Amino acid sequence: MSLRKRIEQSQTLAAVIAAVAGWYLGWCKKRTDWTSEGLEELHDALSEGPVLLVMWHSRCLMAAEHWPIPDGPLSSLYNSSPVGRLAGALHRRVGLQPMQMSTKRSNRSASLKVLRRVKEGVSIGMTGDGPTGPALQVQPAVLEWARVTGLPIFAYAFSTARQKRMSSWDKMLVPKSGGRGAFVFRRFEGAVPRKMSPEETQYWQDRLKTFFDETTHDADRLAGTSAGP
């Protein structure tokens, strides 16, 4: 059995690998000289209630390390892919409340659970381009969750001067310890309508893509690199 299949079928194995990855990311966090933007704005928003946190898949690795847990809980959404299972285990390790979403069956029960968590004051975290892409293209799920929950949208991105890119569909950025780093939380100035025509849906997807790209470029700028999303 391949490692991919073993991770998909074993939460224990995912937890073990996540522990190693978590140690590495924690080391990078400690050994990097971080600059941040937007934490105060996020703090103010969380004092009023939960938010919808969205990021490009390529910049998701450090999100759990940078989320201000004392300001409010976060429930990240993930699927059963190897990367998804590892992300879920990693987020549990640092005190977040991940939720697995299925790509093969109805997510009605999981969706109701997410909505209950929102009512309890739990923020929701997700990747803008989903678990499998296309990369840097806003998926319909982002608009759906924004529409259904009515939560304010915050973008997140991180960047480091010392880094490696994986040969994955999203060219995921993996930080290396040391050097400069930056992370950004930024509020989206707009409210996704409850009802949208296909043309309006495309309009909001384009607006959000520009917003996520700009947030990512700002993180690169602060870190002193031009890595690109």
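Which helix holds Trp27? Trp27 lies in helix α2, which covers residues 11-31. The model described here is predicted.

**Surface patch**
- On the surface, Trp23, Tyr24 and Trp27 form a nonpolar patch with about 340 Å² of accessible area together.

- In soluble globular proteins, nonpolar side chains tend to be buried together.
- The largest nonpolar core here has 27 residues, and those with the most contacts inside it are Leu53, Trp67, Tyr156, Phe158 and Phe185.
- Two or more residues of this core come from each of the helices α2, α3 (39-46), α4 (63-66) and α5 (82-93), and from each of the strands β2 (52-55), β6 (153-160), β8 (173-175) and β9 (180-187).
- Leaving aside residues up to four places away in sequence, Leu53 touches Trp67, Leu74, Ile124, Gly125, Met126, Phe154, Ala155, Tyr156 and Phe185.
- Another core, of 24 residues, lies apart from the largest one, and its members include Met101, Ile124, Leu143 and Ala146.

**Helix α8**
- Helix α8 spans residues 198-223 and has 26 residues.
- From its first C-alpha to its last, α8 reaches 38 Å, close to the 38 Å expected at 1.5 Å a residue.
- Gly224 follows α8 and has a positive phi, near 75°.

**Salt bridges**
- The count of salt bridges comes to 6.
- One of them joins Glu144 and Arg147, whose closest N and O atoms are 2.7 Å apart.
- Both Glu144 and Arg147 lie in helix α7 (residues 140-149), 3 residues apart, about one turn of the helix.
- Glu144 is partly exposed at 39% relative accessibility, and Arg147 is partly exposed at 22%.
- Asp218 and Arg186 also meet through their side chains in a salt bridge, at 2.3 Å from N to O.
- Asp218 is in helix α8 and Arg186 is in strand β9, so this pair ties together parts that are 32 residues apart in sequence.
- Arg186 counts as partly exposed, at 22% relative accessibility.
- Asp218 meets Arg221 in a salt bridge as well, at 3.7 Å from N to O.
- Arg221 and Asp218 both belong to helix α8, where they are 3 residues apart, about one turn of the helix.
- Arg221 counts as partly exposed, with a relative accessibility of 49%.
- Through salt bridges that share partners, Glu37, Arg186, Asp218 and Arg221 are joined into one network.

Technical notes. Residues numbered from 1 in each chain as written. Predicted model: local features only at pLDDT ≥ 70, side-chain atom pairs only at ≥ 80, totals over all residues. Heavy atoms only, no water. Patch = residues over 30% accessible without salt bridge, like charges linked within 9 Å, V, L, I, M, F, W, Y side chains within 5 Å. Areas by Shrake-Rupley, 256 points an atom, 1.4 Å probe, with all protein chains shown as cover. Salt bridge = Lys/Arg side-chain N within 4 Å of Asp/Glu carboxyl O. Helix = DSSP H or I, 4+ residues; strand = E, 2+ residues; numbered from the N terminus. Core = buried A, V, L, I, M, F, W, Y, C linked by side-chain atoms within 4.5 Å. Buried < 20%, exposed > 50% of the residue type's maximum accessible area, 1.4 Å probe, protein only. Contact = heavy atoms within 4.5 Å. Expected span 1.5 Å × (residues − 1).
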